[in-house]
Amino acid sequence: MKVTGSNPVPATNLIREKPAGTSIPAGFSHARQEGILRRIRVIGIGTGNPEHLTLQAVAALKTVEAVFVLDKGTDKADLLRVRREICERFVPKPYRFVEAQDPERDRSPTDYAAAVDAWHAARAALYEAMIEREIGEGACGAFLVWGDPSLYDSTLRILERVAARGRLAFAYDVVPGITSVQALAAGHRIALNRIGGPVHITTGRALAGGLAPQADSTVVMLDGDLHFDHLDPDLTIYWGAYLGMPEEILLAGRLGEVGPEIRRVRAEARARHGWIMDTYLLRAPAAD
Ligand SMILES: C[S@@+](CC[C@H](N)C(=O)[O-])C[C@H]1O[C@@H](n2cnc3c(N)ncnc32)[C@H](O)[C@@H]1O
């Protein structure tokens, strides 16, 4: 774990033990009533453009003394730089910037559920140690979450787990952020759904099994291998990489035609930057 900051203040290390069996309130007003003063803010920061920050996020950043950034190994220097820039611009008082490496995850387990459970347990222990060390009683810290915490992010699940361990009393709230899905739609100037139609959000891994039955608009995230070659070539694809960032790339068209081009552009951009994050929308051909 690495602690830095533009103007670091000493860690206070005050620990407040939570009595066994006490439930953890979710809101700060409850927290105050029950005398729980250690606060955590889970702040969605958008997808790489500091201007994605909402006014609510900017106000929340003014309250924090420590900022936690969890590096998942795939995160690259560019992503860390965005988080640092956000803190330098929007955290007005002295703060600590706490970077930690996420525990390693077994990528080819025989028992998938057990492996994820063990990984989450290790992460909960890490989060608990960081909170305990960096946020004293009466203090406030923040987890900066890429995009929005509600979408393919485990920060909230891990904090629930820390609360359930029952060692630390803390209250937390969530500040929503702009997701890569919204940044994709904005980049292409499209609505995600057809009029009155559903939107299905899924992962590249799940797409390998085909589109969901009746899928009209499908958003695909976490697809490192572009699992779309087996799909109907008459689908329309709206693809975006580095959404919100200066490197942003957008491509759209009939899947059968633009799919190979996306694959080529993606490989080239990935080689140039050393990393890539991309998201796409697949739209079924219009019914006659
Ligand atoms: C672990 S998920 C996090 C999603 C995030 N919580 C959100 O609200 O967008 C990571 C995936 O989000 C998408 N993503 C995140 N940032 C992106 C960006 N700047 N451009 C394109 N896709 C992005 C990619 O599909 C990536 O594989």
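Biologist: In which loop is L226 found?

Modeller: This is a predicted model, in which local features need pLDDT of at least 70, side-chain atom pairs count only at pLDDT 80 or more, and totals for chains, interfaces and linings use all residues. Residues are numbered from 1 along each chain as its sequence is written. Strands are DSSP runs of E with at least two residues, numbered from the N terminus. L226 is found in the loop between β8 and β9.

Biologist: Is L226 buried, exposed or partly exposed?

Modeller: A residue is buried if 20 or more other C-beta atoms, placed from the backbone, lie within 10 Å of its own, exposed if 12 or fewer, and partly exposed in between. L226 has 19 other C-beta atoms within 10 Å, so its class is partly exposed.

Biologist: What is the phi of L226?

Modeller: Most residues other than glycine have a negative phi. L226 is a residue other than glycine with a positive value, near 50°.

Biologist: Which residue is the bridge partner of T236 in β11?

Modeller: Strand β9 (residues 236-241) pairs with β11 (residues 278-283) in the antiparallel sense over six bridges. In β11, the partner of T236 is R283.

Note on methods:
Two strands pair if DSSP finds at least two bridges between them. Helices (H or I, at least four residues) and strands (E, at least two) are DSSP runs, numbered from the N terminus.
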